[in-house]
Amino acid sequence: MYPKLIFSALLFVSVFIFAQNAKTANTVLMGGKPVQTYAKLPAVNKPAPKFTLTDVTMKDQTLDSYKGKYLILNIFPSVDTGVCSASVRHFNEDAANIPNTVVLCISKDLPFAQKRFCGAEGIKNVVMLSDFRSDFGKTYGVEITDSAMKGLLSRAVVVIDPSGKIIYEEQVADISHEPNYEAAIKAVKN
């Protein structure tokens, strides 16, 4: 009797803990059609999850690399699409001029493609980072888990304050649309 009771209790506790820690898929649109991301974005007023991404010189950059600064994470599928490249250009012009703020443009593009894009477009005020060899997409919940875009990142913006706390997040409802630039910039200025 006791072994069955102990087994049942352990099973219940294990299932409960798994359910508490399991990520819940999130639905966004891609051109009006639903696609799933790994999970929802990390919550506002919580510490930003740590990450390691690769810059255009193939060096690792971490959340701690930018400690003490406001960070705007401009997350998108690929710099080789019109809306994604528009977001990089927009943040390069506007948000990059805000004091004590760094804009990190994050995609699964290889660092070589990111460097080529920045050279061709004259992009100098943002930092391009690649998620091609990390788990950033899952950690931040933005990795697309189905459709032809499976494995790429959805379009999102996360703003982190100098203490490392998330102060703004936007999972763009339709990946084919641009993010709310003004709201992200306002979060830094408040």
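A salt bridge here is a side-chain nitrogen of Lys or Arg within 4 Å of a carboxyl oxygen of Asp or Glu. With that cut-off, the side chains of K108 and E143 meet in a salt bridge, 3.9 Å from N to O. K108 sits in the loop between β6 and α3 and E143 in the loop between α4 and β8, so this pair ties together parts of the chain 35 residues apart in sequence.

Before going on, some ground rules. This is a predicted model, where local features need pLDDT of at least 70 and side-chain atom pairs count only at pLDDT 80 or more, while totals for chains, interfaces and linings use all residues. Residues are numbered from 1 along each chain as its sequence is written, and side-chain values use heavy atoms, with hydrogens and water left out. Helices (H or I, at least four residues) and strands (E, at least two) are DSSP runs, numbered from the N terminus.

**Salt bridges**

Side chains of opposite charge can pair when their charged atoms come close. Searching the whole structure turns up four salt bridges. Three of them look like this:

| Pair | N to O distance |
|---|---|
| K50 and D64 | 3.2 Å |
| K108 and D131 | 3.4 Å |
| K108 and E143 | 3.9 Å |

K108, D131 and E143 are linked in a network of salt bridges.

The K50 and D64 pair links distant parts of the chain, 14 residues apart: K50 is in the loop between β2 (33-37) and β3 (52-55), D64 in the loop between β4 (60-62) and β5. K50 counts as exposed at 57% relative accessibility, and D64 as partly exposed at 43%.

Which residue does the UniProt "active site" annotation cover? According to that unreviewed entry, C84. UniProt positions are given in the numbering used here, feature names are shortened, and annotations may be inferred rather than shown by experiment. C84 lies in helix α2 (residues 82-93) and is buried, with a relative accessible area of 0%. Taking contact as heavy atoms within 4.5 Å, and leaving aside neighbours within four places in sequence, C84 is in contact with F76, P77, S78, V79 and R155.

The helix geometry checks out. The expected span is 1.5 Å times one less than the number of residues, so the twelve residues of α2 should span 16 Å; the end C-alpha atoms are 17 Å apart, which agrees. Besides C84, the buried residues of α2 include V88, F91 and N92. The helix's buried residues pack against several elements, among them β5 (70-75), β6 (101-107), α3 (111-121) and α5 (181-189).

Q114, in helix α3, counts as buried at 0% relative accessibility. Residues up to four places away in sequence aside, Q114 touches T54, V56, C105, S107, D109, M128, L129 and S130.

On the surface, M58, L110, F112 and F132 form a nonpolar patch with about 370 Å² of accessible area together. Patches are built from residues with over 30% relative accessible area and no salt bridge, joining like charges within 9 Å and nonpolar side chains (Val, Leu, Ile, Met, Phe, Trp, Tyr) within 5 Å; areas come from the Shrake-Rupley method with a 1.4 Å probe, and for residues only the protein chains shown count as cover. F132 is found in the loop between β7 and α4 (136-139) and is partly exposed at 32%.

Terms used
Buried < 20%, exposed > 50% of the residue type's maximum accessible area, 1.4 Å probe, protein only.
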